[in-house]
Protein chains: 2
Amino acid sequence: MFQHPPLFFTHSRHFLRRRRRRHHNYHLSTPPLLHRFLSTISHTLSHPIYTIWAANTGLGKTLVSTGLAASSLLSSSPSPSKLVYIKPLQTGFPLDSDSAFVYRKIPQILLHRNPQSTLLASNQTLNVSMQAEKLKIGNNFSGEVRTSKNGFGDFGYYEERRLGIGEELGSELICKTMYAWKEAISPHLAAEREGANVEDSDVLALLKRCLEIGVGSKRNGGSTVLSLVETAGGVASPGSSGSLQCDLYRPFRLPSILVGDGRLGGISGTISAYESLTIRGYDVVAIVLEDHGLKNEVPLLSYLRNRVPVLVLPSIPKDPSDNLMEWFVESKTVFDSLNVIMMSSHQKRTDRLHEMPKKAQEIFWWPFTQHKLVSEEKVTVIDSRCGENFSVHKVKDDGCITEMFDACASWWTQGPNAALQIKLARDMGYTAARFGHVMFPENVYEPVLECAELLLQGVGKGWASRAYFSDNGSTAIEIALKMAFRKFLVDNELLLDTDENSIELKVVALKGSYHGDTLGAMEAQAPSPYTGFLQQPWYTGRGFFLDPPLVCMCDGVWKISIPGNMKADNVILEDTSFKSRNEVFNKSRDDSSLAEVYSSYISQELKLNSRSKKLSHAGALIIEPVIQGAGGMLMVDPLFQRLLVKECQNRKIPVIFDEVFTGFWRLGVESAAELLFCQPDIACYAKLMTGGIIPLAVTLATNDVFESFVGDSKLKALLHGHSYSAHALGCAAACNSIKWFKDSQTNPNLIPQQNLLTELWDTELVQKISFHPKVERVVSLGTLFAVELQVEDSEAGYASVCATSLLLKLREDGIYMRPLGNVIYMMCGPCTSPHVCLQMLETLYTRLNGFRHDKIEKDSEIQS
Amino acid sequence: MFQHPPLFFTHSRHFLRRRRRRHHNYHLSTPPLLHRFLSTISHTLSHPIYTIWAANTGLGKTLVSTGLAASSLLSSSPSPSKLVYIKPLQTGFPLDSDSAFVYRKIPQILLHRNPQSTLLASNQTLNVSMQAEKLKIGNNFSGEVRTSKNGFGDFGYYEERRLGIGEELGSELICKTMYAWKEAISPHLAAEREGANVEDSDVLALLKRCLEIGVGSKRNGGSTVLSLVETAGGVASPGSSGSLQCDLYRPFRLPSILVGDGRLGGISGTISAYESLTIRGYDVVAIVLEDHGLKNEVPLLSYLRNRVPVLVLPSIPKDPSDNLMEWFVESKTVFDSLNVIMMSSHQKRTDRLHEMPKKAQEIFWWPFTQHKLVSEEKVTVIDSRCGENFSVHKVKDDGCITEMFDACASWWTQGPNAALQIKLARDMGYTAARFGHVMFPENVYEPVLECAELLLQGVGKGWASRAYFSDNGSTAIEIALKMAFRKFLVDNELLLDTDENSIELKVVALKGSYHGDTLGAMEAQAPSPYTGFLQQPWYTGRGFFLDPPLVCMCDGVWKISIPGNMKADNVILEDTSFKSRNEVFNKSRDDSSLAEVYSSYISQELKLNSRSKKLSHAGALIIEPVIQGAGGMLMVDPLFQRLLVKECQNRKIPVIFDEVFTGFWRLGVESAAELLFCQPDIACYAKLMTGGIIPLAVTLATNDVFESFVGDSKLKALLHGHSYSAHALGCAAACNSIKWFKDSQTNPNLIPQQNLLTELWDTELVQKISFHPKVERVVSLGTLFAVELQVEDSEAGYASVCATSLLLKLREDGIYMRPLGNVIYMMCGPCTSPHVCLQMLETLYTRLNGFRHDKIEKDSEIQS
């Protein structure tokens, strides 16, 4: 079932059960978020919303909710307050109903404390399984019977109660149960047995609506509001679909209260539950537990290093006939403290979110950013990431947290969906705990060995035999150049030449390519805004830079534009124009007349350049296969690149593929070399290699390249390394991601036998966009969709701000993009649903219609 | 108590308890490993050793141990086998004794299955609290009463039993309880109440001895051996000192069996316990749980993605009079399966450990390594790291895992002790789950904001106002150079010069300094083996390289050696010779005659160089403050560096401090600038900044430097960045580490008021070593202790292998070092106990006595 079988095959016997495929499958490998669309998740910050979790079942979560609710409703007296209690998943219904308990108990507590209390209380159960409905009918059912949906009835079950008079000014308690099942078992079992299933995305959508209750109350009436979401069972108990609840609710990442375990063994359970929440990115604001005389709070506080408060509730009476009024009185101070902690934590959080843009402006020095052009409002406050989405803080409407699709894939690094992110998080914890970082040279440890094996069996398959690790694309390129030059010198016997000063080594590279920001990598690119004296006084440009023919879709057709300096008179139209992108990649083009044009241009240029200076040699070829990213998402004719590689290899010039951007499914295949049908001597990988979580780079090389560094002296070895070479965390992340993306069990976009991704960008809509009058050209390939906007010549280029207004609109739509001058692009991950891509394309198309690239005021610029 | 107070102050009331200081403190912030010395931990791989953990108390760990023991003892029949059962911590003794249960039950099971079974069984309790002893005496006590130690009696309690005859060939069951207390509560409470305390280090030392039982049995008699270590309570239940057991036993990192929870709510508890083990670096080989009819194994297998088997045991009879014989029959197949899984997993692990060196040699390309000089036996297999120690695999004696102190601090990156490592691991999980990586420019997110704040309040305090993040020291230097040059051009109004080609910018740098491996960083260093044409054909050396005066201890005295080209005739001896290191750093030296010599040399050189070429400018000064690391741990006279900084700043030449090596307590202070009493314009940090866990670098700059990039055009901005700029995991690690090292609650070496580390290297012993005839010079400062070995001139320098035999001996002693040519060094972390440092120095001194730097065979070289 999995590409990689389980580590140990266990002999199946009576009591040994393994996962069974069935209709109701547990969606842990296919995450809850996979099928969500844009902008599903958002919630207000105008009032505090907390999730109540527990270390186990039966620890008194509902008592904590009730105590908190009472404290909140009473604390704000005489000003009115509102308490929203949400129970998303309830089993054992209607006998067990936590929202009914809160609904019944709160008025009792209020009256017990103050007979003059006023309150409007309501309790509603939104979706009840048909099995549970049958029990319910005949009790206090008062609604209208509607048809069943997915095994749920919608009986409009609702009850309401008033305390005192003058409820207009009084407090309000609103209780909601979202989904209820009859059997008192885990929701995933109840859902299965009662045939009443609910998708995670539906739970999230309904929860979002429930969380909107109370929004605005504070503004209009000045009342304080608190919302509580009470989970079912323990933190990692399965929800209705089988997803663990800590995973299910993660997109909201609500601050959390953990109800701990005060019993014998409870320290361990509480710490483990806390850790499960923590390694999913939740903030646990406080732990509260029942006193069992064991002082479990002492080791808990020690473990927490006093950073999280631990509160102890008095012993809960075991007599079921006890109405708990005494207990609530006794525990009042604890709940009041907890309430204060929660309010203060919420205030701290919102204060911090508000001050962040200003502080950032004061102390950050952002790369590639003209600070004078960034106003405070333009700073994006990112509260978290979940899969492909950012959760950002918006100041409007008293503040809220809203999702945005990270369509620039955070500088093209991103790959994980929500499920891979959780997996990576656990593995980062494991690897940091097992290895931290250990030094690499002359050593071996599991993550680096597995990583090297996967690289050589994957992107390096068929040609590479050695893996040289470094930290980022730029360092990987510097290493690649050192490798290539040595190989060239050895092959051409130039090391015997005693006068080293007489040899000048250059690279052959393409105009518009970009290989990194350190000096060595910059020297391999043609002059550009990045390389000027103002930026890098040491840049000289040590290359022979060729003009590449480019490919793009214009008005629905894929076309090749041939540079003017190629003599292309004999090329027929059929050789430069294609109905589909696949034709562009067709190997049969090797026989076209265009191929001859390319070959003769390349030969000529290589001759010309090596003639230009007697002692200057083309010591390496470096190309970004197929797409030149930073240059403006330029698609180079793959035929041209293939012929260039061939011509260089014929001349013993080592070939470097810079796959930092193109590698690991970015272009729909694991290595973009597959699209060129040829192999390099050296290739560089970074960005997506770790799944986009931490920096790691690798330079792969053939055995021939490696051999040119082998000898008797250490001085012949490649003396280049960084402190964290092959760091364990990076290698472990890479192992996870490499396997995840190429496994059709985890990557639904993979077409298994073909080893390529399904088409992510809707072909028709792409074509439609290419016809748009404001669009110059379009490129779609793998996870990339790019559009060059039509602009006046004066507005084109890297410093262009013409796309700003369009991108600001798209950010309002929940799509976070950054431009490359007048080129804009959307980039998804290898696992992103094509439905999400379709929605993004549709949104873009709509916005293009309204787009006028006026002159933009400076302070609203979005920089590339 | 803590430098940073708890996030929320909770109002203390009746039921709200906070941590109290008392005699018996819970050692979670001061980790169990802090006081361990060299080479404490090792265990055999000749037979499998497993730890039995449980998700909670009362889940049947001992039944699992018993079932496994029976399966193991029977499965190897007719060949004999040995089962070692170890219960480190037992409470409720003697009424509860898990080892007594196993001891009694196994013979019953064996006889029940085969009345002809033969077995020699024994049970021993090694340390019993005096309170429990009192109960025990009068029962089957048969030993000798000895004196109490730490509240424990040593009554030599031992029982033994034989089944059948011919026990010489029969199987053997050896049960050991290490420590036992009377009360049936958590060990930390029992230890406290009964006044019988045991340190973690003692538990580990005794466990190590118990794990040696059975070593060699396989070799001599061919019998199979299995050792089981059964923990108490849940995975995170406190041990006797209060340390969580999952932390306590971590140094052994034994493979684990987790007894899960089959009850309602048990899925969550099992998953959380699994995660607590995982984020401490344990490998859980299988989960086993009791059937409660809820099919908890189905969601568990789904969560585990079928990678870890989950086995289900039949329901355990609740009747206490049941002798469980029927149950053991029913569960036989499960235990047999589990046994097979454990054996096969152990075999897989050892096979992999054995093949790793060969595979590494075949596919790695190690940096700074001449592969021809690395034989397979010289490859170190690192199984894990715990704090400052590696756990490495040794092939001898049928294989074992042994600790070594990482005395090269993994290329000078390391800082964490075991407690910080666990904290960092949890935080890496949290940060990966919360943020993964999100892009930096124009954005703000919590870890990067906090990190920038901590940097500016810490190492940048008093001068820096902006933080520019990148990936490693080398990129941080390239950025620093770009900053400095721009500042220089702006200050000197050279940007108005239209002919950029007429300006040549150079750096002022010191000979023997090293700033990184990318081309731009290399250009700033004087010619060396790293910069030759063979290594970097593009290197030209764009610097004015000055000869620095060096400081070291020779024959017990700190001395300054002044380069020949400085006219130092008027310098008196008192100015170049010091009794203590502190005198070298004394600011009063500014008034010495040597200061004049330095100043005039510097002025002359700066004049000379700027005269040498009409248009070449010294556009930046770059220095490694105090210690030039890669150059051979050269200590530069701080007076010289201070004067150099002053002279450059007087000439409007921006000053860069390369603190990549020296920063963050490496030299005993947070920033080495504190030792120079002057401030730079720009400084670079990396390595230890993240606590040595993942790559992250920062370039700090003054506001003046920043301002030279501010303007109307994006083209004026600093256009340098890497994909993972300011990645969240790196920033979060940095936040943790920066705070940890400077908090005396977590760093026992910190002298709080003085903001410096205590002297880590014993002054007397350092002096003694400096007198050693084979020692040329010694430098000790902060976490660094370096020795230059006396060699013939021909053997000195980077490629020297003279130290090899000495370092191989030290590796046998458990100290992992790498040389820098004929310079060897030991480096610890900021929290490492001075006792450990003392032990290392003593070991080195002993080995120096036996050291003869013969010509070494090539294949035994250890490379720098």
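**Entry 1**

I started at Ala121(A), which stands opposite Arg161(A) in β6(A). This is a predicted model, where local features need pLDDT of at least 70 and side-chain atom pairs count only at pLDDT 80 or more, while totals for chains, interfaces and linings use all residues. Residues are numbered from 1 along each chain as its sequence is written, and chains are lettered from A and ligands numbered from 1 in the order in which they are written.

Strands here are DSSP E runs of at least two residues, helices are H or I runs of at least four, and both are numbered from the N terminus. Two strands pair if DSSP finds at least two bridges between them.

Strand β4 (residues 119–129) of chain A runs antiparallel to β6 (residues 157–163) of chain A, with 7 bridges. I then followed β4(A) to β7 (residues 171–180) of chain A, and that pairing is parallel, over 9 bridges. There Leu119(A) sits opposite Ser171(A). β4(A) also pairs with β5 (residues 152–153) of chain A, antiparallel, through 2 bridges. Ser129(A) faces Phe152(A) in that pairing.

**Entry 2: the seven-stranded sheet in chain A**

I looked up an open sheet of 7 strands in chain A, with mixed pairing and the order β16-β27-β26-β25-β22-β17-β18. Which strands stand at the edges? They are β16 (466–470) and β18 (543–546) of chain A, each with a single partner strand, so one side of each has no neighbour in the sheet. On average, neighbouring strands are turned by 25 degrees against each other, direction ignored. For angles I note that axes are lines fitted to C-alpha atoms, for helices over the stretch in contact, and that angles run from 0 to 180 degrees between N-to-C directions.

Inside this sheet, β25 (residues 655–658) and β26 (residues 682–685) of chain A pair in parallel over 3 bridges. Phe657(A) has Ala683(A) as its bridge partner in β26(A). Helix α19 (residues 638–650) of chain A packs on the sheet and touches β17 (504–510), β22 (616–623) and β25 of chain A. The direction of α19(A) makes about 145 degrees with that of β22(A). Contact, in my notes, is when the C-beta atoms of two residues, placed from the backbone, lie within 7 Å.

**Entry 3: the sheet in chain B**

Over in chain B I found 7 strands in an open, mixed sheet, ordered β16-β27-β26-β25-β22-β17-β18. Its edge strands are β16 (466–470) and β18 (543–546) of chain B, pairing on one side only. The twist averages 25 degrees from one strand to the next.

I checked the β16(B) end too: 5 bridges join β16(B) to β27 (residues 697–701) of chain B, running antiparallel. Arg466(B) is opposite Ala701(B) there.

**Entry 4: two helix pairs**

I describe packed helices by the angle between their axes and the distance between the axes.

First I took α23 (residues 763–771) and α25 (residues 834–849) of chain A, whose axes come within 10 Å and cross at roughly 20 degrees. That makes α23(A) roughly parallel to α25(A), since angles under 35 degrees count as roughly parallel, over 145 as roughly antiparallel, 65 to 115 as roughly perpendicular and the rest as oblique. Leu765(A), Lys768(A) and Ile769(A) of α23(A) meet Leu841(A), Glu842(A) and Tyr845(A) of α25(A). By class, that contact has 4 nonpolar, no polar and 2 charged residues. Ala, Val, Leu, Ile, Met, Phe, Trp, Tyr, Cys and Pro count as nonpolar, Asp, Glu, Lys and Arg as charged, and the others, Gly among them, as polar.

Next came α14 (residues 446–457) and α22 (residues 728–741) of chain B, at about 40 degrees with axes 8 Å apart. These two are therefore oblique to each other. Among the α14(B) residues meeting α22(B) are Pro447(B), Val448(B) and Leu454(B). I counted this contact as 10 nonpolar, no polar and 1 charged residues.

**Entry 5: where the chains meet**

How many residues does each chain put into the contact? Chain A gives 179 and chain B gives 180. The chain A side has 91 nonpolar, 58 polar and 30 charged residues. One cross-chain link I noted is parallel: 2 bridges join β15 (residues 443–444) of chain A to β12 (residues 380–386) of chain B. Val444(A) is opposite Val381(B) there.

Last, I looked at how the copies relate. A rotation of 180 degrees with 0.0 Å of shift along its axis superposes chain A on chain B, RMSD 0.1 Å, fitted by least squares on C-alpha atoms of residues with pLDDT of at least 70 in both. The copies are thus related as by a two-fold rotation axis. They meet through the same surface, because 100% of the interface residues of chain A are also interface residues in chain B.
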